[in-house]
Amino acid sequence: DRFATWGISGGGPHALACGALLAGRCIAVGSLASPAPWGAEGLDWLSGPGDGNLAEWEAALAGPDVLESLLRAEAAEMLATTPEQLRAVLLSVLSQVDQEALTGEFAAYLHATTERGLSERVDGWRDDDLAFMQPWGFEPADVAVPVLLLQGVHDLMVPPDHGRWLAQRIVGVDARVSDSDGHLTLVSERVPEVHAWLVERF
């Protein structure tokens, strides 16, 4: 009957949707490195990502067939790596802090999730990218529950201006724009903080 939720990166808009459209049940939301809505006024949406993500977003704008071809090639490259090699494949979208995070146990975790998510098909990845370019169906100001927003300044996957744009438009948001974080460090370092914040809202 009541739940809290959080999403990182492409999961951010979906988590915020729960806060806007299921406010009777959803009591709090965590939004980590979420992209802003496509065409957001006052935001250069394509400015600031690493080369890999820029190419991906431009492919999404070109259409599903172009995008899927790109993602199939990228998935094959990632699936051919070991956990230790994954960093080299992702280098164009990894800031220094994210490169330093992508080692050891966390690299093994990210490699395992890549295998689980992409070994059979890229449909989910494709659909996420296409959804970025579509209207959300609600405005950030419509989110009617408490929101914790985390954004790293050193993020080459979802540039920090996206987080700043959202922070200015979500009413009452607890916005934490971190000078020490990138994109992946929000997963490797900040999840316990997010869980604790959400539990406090019950």
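Modeller: Helix 3 and helix 6 are oblique to each other, because their axes cross at roughly 135° and only angles over 145 count as roughly antiparallel. This is a predicted model. Helix 3 covers residues 64-79, and helix 6 covers residues 104-118. Their axes come within 10 Å. The crossing is left-handed.

Now the side of each helix that takes part. Helix 3 brings Ala-75, Met-78 and Leu-79. Helix 6 meets them with His-111, Thr-114, Glu-115 and Leu-118. By class, the residues of this contact are four nonpolar, two polar and one charged.

Four strands form an open sheet, in the order 1-2-3-4, with parallel pairing. Strand 1 (3-8) and strand 4 (174-178) are the edges. Each has a single partner strand, so one side of each is left without a neighbour in the sheet. On average, neighbouring strands are turned by 10° against each other, direction ignored.

Take the pair at one end. Strand 3, residues 147-152, joins strand 4 in the parallel sense through five bridges. Within that pair, Leu-149 stands opposite Ala-175 of strand 4.

Two helices belong to this picture. Helix 1 (residues 12-21) packs on the sheet and touches strand 1, strand 2 (26-32) and strand 3. The direction of helix 1 makes about 160° with that of strand 2. Helix 8 (residues 160-167) lies across strand 3 and strand 4. Helix 8 runs at about 155° to strand 3.

Definitions and conventions
Residues numbered from 1 in each chain as written. Predicted model: local features only at pLDDT ≥ 70, side-chain atom pairs only at ≥ 80, totals over all residues. Heavy atoms only, no water. Pairing = 2+ DSSP bridges. Axes fitted to C-alpha atoms, helices over the stretch in contact; angles between N-to-C directions. Contact = heavy atoms within 4.5 Å. Parallel < 35°, antiparallel > 145°, perpendicular 65-115°, else oblique. Left-handed = near helix turned anticlockwise from the far one by under 90°. Nonpolar A, V, L, I, M, F, W, Y, C, P; charged D, E, K, R; others polar.
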